[in-house]
Amino acid sequence: MTLGLGGLLQERDKRAKWHGIPTLLQKLYESSHPNSDLSHAHSFLKVLSSQLSMEAMSFVTEDRKTAQESTFPNTYTFDLFGGVDVSLTFFVLNSVSVTVNDDLVKDCLSVLYNCCICTEGVTKSLAARDDFVLFLFTLMTNKKTFLQTATLIEDILGVKKEMIQLEGIPNLSGLVQSFDQQQLANFCRILSVTISEPDVGNDDKHTLLAKNAQQKRNASPSRAEVNQVTLLNIPGFIERLCKLATRKVSEATGANFLQELEDWYTWLDNALVLDALMQMATEEAEQSSTESSDESSLATSPLRHRLPQSMKIVHEIMYKVEVLYVLCVLLMGRQRNQVHKMLAEFRLIPGLNNLFEKLIWRKYTASNHVVHGQNENCDCSPEISFKIQFLRLLQSFSDHHENKYLLLNSQELNELSAISMKANIPEVEALVNTDRSLVCDGKKGLLTRILTVMKREPPDSSFRFWQARAVESFLRGATSYADQMFLLKRGLLEHILFCIIDSGCTSRDVLQSYFDLLGELMKFNIDAFKRFNKYVNTPEKFQTFLTQINSSLVDSNMLVRCIVLSLDRFESQTEDVKVVEVLSECCLLSYMARVENRLSFLFRLINIINVQTLTQENVSCLNTSLVILMLARRKAKLPFYLNALREKEYAEKYPGCLLNNFHNLLRFWQRHYLNKDKDSTCLENSSCIPFSYWKETVSVLLGSDRTSLCAIASYIDEPFMDLDRDLLED
């Protein structure tokens, strides 16, 4: 007896253990026309959704192992028999029908999403269909299917080769304005992919040489930059993000809260959420109930009763992570001043200050993970992500911007004014122009609160890195004596020295951030050097300090630059009795005053970099070496330093190597800095040396006249000239 086609399929199905998937797909395909019975078709879809969901759940709970046919047979079979195409056809055709119900749309989304989880190829295939991606955005108007749609879009955009253009989304402005606050927060997860420049990783593209070449090729604004402008043009967008970032947990308990938690559990998109809230609830069960605020403690009722409050906190924290990330990226973009103005106007900083103790730093959180880059995804807990993103935002907000004084409260601003008055120096213009109605409320401003928690962190905590970066950004730019004294009075210098010398800290990231902060705190400040000498009061302590500096000049060179610049200024102020006293007593200034020590730093700074390895991290070594030589040139000692470099080459038996490398580095410096206004302004502000003198010194050093005693070429013997002539061009 011969079997028909259907019988053959069923027989093969049993042998191959396809679980009826090909038959279900055939029936679904036959239902993919406008006049089909949707309820009948939906029954097929439900079965498929159930089969694929079980495998997706297994995939997520097994730490997302590499998907293989043997591991996920249902998903593989579904994809093999064209299930994705059949589902897409059915989905797109019927989702616009007035008779379609939300459950059918949810099951369609579930089928596609579960395939994406288990099979990366499916995600890439969907990402290549621009029309489908734009179609998904139109589904976000339906509140009942919003979260599933948003999650699928996020996964698709994560693997999409070309960044989507937000302006291509139909009625984007109306769509965003229709979102409630919860939806807007979830939408930020999608936006973070569309406004961030692609992460170039740790390969050659990270070098400044490669970045400059890429910028020449891409002279027009990138898609990410265009998308940022698109968002800023949406009425009320930034204001709503500020409200989301600063609202209290008690204000965020909407009616759809439990539904969203159920969706999270069903979709398993945020598997860490449940782990994190369970851990949080367990920890809080062991704590005493002496605290009183609703966000900083939970009632001492049984765990099952207290868990919902933990859920609310994690829920709100996860929202805020996404919102702060978007605000941070916008703050770092080309429209920075526009964003700054809006964030100040909508009182983002005072709002975050009010949340600091109740939510942001409500309790100690261990953080021993590595320090992540700006665009790097991490698997740390929501609370850790939230704290790091908060500190990143403050760093971006304060960096070289007059709005940094919004991080203080009125009393602290008055203190800055009093410091300036006592020192008989004019107040900084930015301080005078600060709108007092927009500053922090309460007994402490945000900057002071960060200092307080920083002192409580364990030595190697990566929070220290971000805390130090946030405080350093407040000091960066034109040096302000009042700003430095404000922080010195709060014991910051002694705390940093303790961490560098006495705490046993071994994290290079944390030490680098403290070296940079110490440099900004001490620069040109004679009181800071006096305090330094009081703390580092034994030869053993000073030797430990020098050992830390010398262990990695890439990390410590900004501090070296600060000491060299400060010494140069103090040596011109010998009429000041206090300056003369500190110059004679300070071990650090005495050490740097010895020319052999400055030359030692110069040798190593030039030797640890070359044009091919220059990055944003180590280009400061080139600028520090230039500072040493500019100050030498001012005192007519440039020929002495260049000759010392030549003698070092011969002593090391590598004639021409050091000077040719330095020559190439300076040629790159000209190309890099003479086309970048921001970088040149930063160099001028941080050194108090006019940028014209930087340019002039580089030109003198690169002079081709071999009779000039200030030209590098004069110190390279003819046989060793231009060892790397074509290096820059390559």
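## Salt bridges in the model

How many salt bridges does the structure hold? The structure holds 25 of them, a salt bridge being a side-chain nitrogen of Lys or Arg within 4 Å of a carboxyl oxygen of Asp or Glu. Side chains of opposite charge can pair when their charged atoms come close.

This is a predicted model, in which local features need pLDDT of at least 70 and side-chain atom pairs count only at pLDDT 80 or more, while totals for chains, interfaces and linings use all residues. Residues are numbered from 1 along each chain as its sequence is written, and side-chain values use heavy atoms, with hydrogens and water left out.

## Pairs within a helix

Glu239 and Lys243 form a salt bridge whose closest N and O atoms are 4.0 Å apart. The two residues are separated by about one helical turn, because they stand 4 residues apart in helix α14 (residues 237–246); helices here are DSSP runs of H or I with at least four residues, strands are runs of E with at least two, and both are numbered from the N terminus. Glu239 is partly exposed, with a relative accessible area of 32%, where buried means under 20%, exposed over 50% and partly exposed in between (1.4 Å probe, protein chains only).

In helix α24 (residues 462–475), Glu472 and Arg469 lie 3 residues apart, about one turn of the helix, and they form a salt bridge with 3.0 Å between the closest N and O atoms. Both Glu472 and Arg469 are buried.

## A distant pair and a network

Asp483 and Lys404 meet through their side chains in a salt bridge of 3.1 Å, N to O. This pair links distant parts of the chain, 79 residues apart, with Asp483 in helix α25 (residues 481–488) and Lys404 in the loop between α20 (382–398) and α21 (410–422). Asp483 is buried at a relative accessible area of 2%, and Lys404 also counts as buried, at 8%.

Elsewhere, a network of salt bridges links Asp568, Glu571, Arg634 and Lys635.

## Confidence along the chain

The mean pLDDT of the protein is 82, and 78% of its residues reach 70 or more, pLDDT being the predictor's confidence in each residue, from 0 to 100. Among the elements of the protein, α25 has the highest mean pLDDT (98), whereas helix α15 (residues 257–267) has the lowest (47).

Over residues 261–278 the pLDDT stays under 50, and the model has 39 contacts for this stretch beyond four places in sequence, a contact meaning heavy atoms within 4.5 Å. Residues 372–377 also have pLDDT below 50, with 14 contacts in the model beyond near neighbours in sequence.
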